[in-house]
Amino acid sequence: MLEIFSYIIICIATIWTLVSFAGYIFYKTQHLDSWTDDLKDVFNTGKSIMSIIGKGVVSCMQFCYTELTGKLPDGQIINPTLMLTNKEAIELTNRFKNCPYVMPFLEQFLPNCNGIIWMEIIATGLCTSYETLSFSELKRIAISTIGNFYYEIKGINVPIYVKVAQKDRLYFAIPLCEDGEKFLQKQEQFQGESSFEQEQPMKSLEEEIPNFDSGKDDGNDTWL
């Protein structure tokens, strides 16, 4: 036990010495105010490197697991019940006709982009009785309409993430797997309610969708 403890102390002391030496070298070469400034840089750089290595190890383990077992990790398994066909997507779009949109049509539909459904609906405007609604109210109508549609045709409740709710545009996502929902939840934390403010410039659909693996076919991809 004492030998293990001594080994740990020696390792910590060695790492600290190397880091301190690196900080001093950077201080001399970059002419900063003090070597401690570069010591912080060394720590931050090391932290970033370890983070990248960690993500690489996780990706490698997932790849090996998939290749060896022929199965996807649990978080990437698609729930087929949540998926929509092109016909169902058009039917869902038509549910917004006169409530609240005038002449809505499906602008873009990604049935399975890395475990997430992405839909963008464009309309000529809001119906007269809905013109005074706030963006948060439009969001609630959208969530209610989408939720009712799923319950009617599939008998299930689904998590719905409305990204944009404007007078002439509705853009939302539905996760198909656990990892897809985690991605959308993380997006939601940073986005907040900013997408529903009229003055806020809207991001394009391509900027919003996750791009975990661009080499795979979005229409049939079940990877995250």
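**Figure 1. Salt bridge between K182 and E178 in the predicted model.** K182 and E178 form a salt bridge in which the closest N and O atoms are 3.3 Å apart; the structure shown is a predicted model. Both residues belong to helix 5 (residues 178–191), where they stand 4 residues apart, about one turn of the helix. K182 is partly exposed, with a relative accessibility of 47%, and E178 is likewise partly exposed, at 44%. Side chains of opposite charge can pair when their charged atoms come close.

**Figure 2. Salt bridge between E120 and R169.** The closest N and O atoms of E120 and R169 are 2.6 Å apart in this salt bridge. The pair connects distant parts of the chain, with E120 in strand 3 and R169 in strand 6 (residues 169–175), 49 residues apart. Both E120 and R169 are buried.

**Figure 3. Salt bridge between E152 and R95.** E152 pairs with R95 in a salt bridge whose closest N and O atoms are 3.0 Å apart. This pair also links distant parts of the chain: E152 lies in helix 4 (residues 135–154), and R95 lies in the loop between helix 3 (86–94) and strand 1 (101–102), 57 residues apart. E152 is exposed, with a relative accessible area of 54%, whereas R95 is partly exposed, at 27%. A network of salt bridges links E91, R95 and E152. In total, the structure holds 6 salt bridges.

**Figure 4. Surroundings of N112.** N112 is located in the loop between strand 2 (105–110) and strand 3 (116–122). With a relative accessible area of 2%, N112 is buried. A polar atom of the N112 side chain lies 3.0 Å from the backbone nitrogen of G115.

Definitions and conventions. Residues are numbered from 1 along each chain as its sequence is written. This is a predicted model: local features need pLDDT of at least 70, side-chain atom pairs count only at pLDDT 80 or more; totals for chains, interfaces and linings use all residues. Side-chain values use heavy atoms; hydrogens and water are left out. Helices (H or I, at least four residues) and strands (E, at least two) are DSSP runs, numbered from the N terminus. Buried means under 20% relative accessible area, exposed over 50%, partly exposed in between (1.4 Å probe, protein chains only). A polar contact is a pair of N or O atoms within 3.5 Å; within protein, one must be able to donate a hydrogen and the other to accept it, and residues adjacent in sequence count only if both atoms are side-chain atoms. A salt bridge is a side-chain nitrogen of Lys or Arg within 4 Å of a carboxyl oxygen of Asp or Glu.
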